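Please examine the sequence and the three-dimensional model shown below. The paragraphs that follow lead from the helices to individual loop residues and then to a pocket.

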Amino acid sequence: MNVVVTRPGLDALVSGVSEIVNRRLASGETAHAVADLLRARLPGLDLLTPREREGSPDGYVSTPLHSQDDFSIVSVVWRPGQETPVHDHVAWCTFGIISGIEHETLYRDMGDHLVEIGQVANRPGEVSGFAPPGDIHKVRNSSGEVGVSIHVYGADVGRLGSSVRRVYDLPVRR
């Protein structure tokens, strides 16, 4: 027996992102245009099954919801306190927060160390986007609830396996 998962709002998001990507804008412009779209069409928690919304005690969970050559849509589920390593990305990214708080720390690579250049707490309903270079960051669910976010990447993460280009293991100086 095959089970079909219905993902409310995903089809409209896929078609909207496709239209933007087909314009062949510069990376930063694409990220900002997709962010505007995501603000208008940010799906709700019903995009994921109850089981998918649970996350994992072993770390945050990224689930590709749609992948094609020029973009992917991924859900990320974080239990309280879970975080990424410091990393950057292979392509532009836009993300929207459905639940929880994604606390983001931004860094600049100085060659032999990183310098923290900012922090932001992204709350439910908030959307942001960026494009490499200058996208070095660490993200943590700083809320007491399971966090869910939707990420749109300008790459086929189904083929690549991840949107991460590099994980940084450099000391941080302020």
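How far apart are the end C-alpha atoms of helix H2 (residues 27–41), and what span should its 15 residues have at 1.5 Å a residue? The end C-alpha atoms of H2 are 21 Å apart, in agreement with the 21 Å that the helix should span. The expected span is 1.5 Å times one less than the number of residues. Helices (H or I, at least four residues) and strands (E, at least two) are DSSP runs, numbered from the N terminus.

The model is predicted, and local features need pLDDT of at least 70, side-chain atom pairs count only at pLDDT 80 or more, and totals for chains, interfaces and linings use all residues. Residues are numbered from 1 along each chain as its sequence is written, and side-chain values use heavy atoms, with hydrogens and water left out.

The buried residues of H2 are Thr30, Ala31, Ala33, Val34, Ala35, Leu37 and Leu38; buried means under 20% relative accessible area, exposed over 50%, and partly exposed in between (1.4 Å probe, protein chains only). Their cover includes helix H1 (10–21), strand S4 (93–99), strand S7 (127–130) and strand S9 (147–153). H1 has 12 residues and reaches 16 Å from its first C-alpha to its last, close to the 16 Å expected at 1.5 Å a residue. Among the buried residues of H1 are Leu10, Leu13, Val14 and Val17, and the buried residues of this helix pack against H2, S1, S2 and S9.

Arg24 is placed in the loop between H1 and H2. Its phi is near 55 degrees, a positive value in a residue other than glycine. Arg24 has a relative accessible area of 61% and is therefore exposed. Pro43, in the loop between H2 and S1, counts as buried because its relative accessibility is 8%. Pro43 touches Pro8, Leu13, Leu38, Ile98 and Ile150, not counting residues up to four places away in sequence; contact means heavy atoms within 4.5 Å.

Gln82 lies in the loop between strand S2 (71–78) and strand S3 (87–89), and is buried at a relative accessible area of 11%. The side chain of Gln82 reaches the backbone nitrogen of Tyr60 at 3.4 Å. Asn141, in strand S8, is buried at 1% relative accessibility, and Gln82 is one of the residues that Asn141 touches. A polar atom of the Asn141 side chain lies 2.8 Å from the backbone oxygen of Glu145. A cis peptide bond, with omega about -5 degrees, joins Pro132 and Pro133, and Pro133 is found in the loop between S7 and S8.

The largest pocket holds about 380 Å³ of space. Of the 26 residues that line the largest pocket, the closest to its centre are Tyr60, Ser62, Tyr153, Ser163 and Val164. A pocket, on a 1 Å grid over the protein atoms alone, is an open set of points where a 1.4 Å probe fits, with protein on both sides within 12 Å along at least five of seven lines; lining residues have an atom within 4 Å of a point. Grid points are joined across faces, edges and corners, and the volume is the space filled by probe spheres set on the points. S2 gives the largest share of the lining, 3 residues.

How values were computed: Polar contact = N/O pair within 3.5 Å; in protein donor to acceptor, adjacent residues only side chain to side chain.
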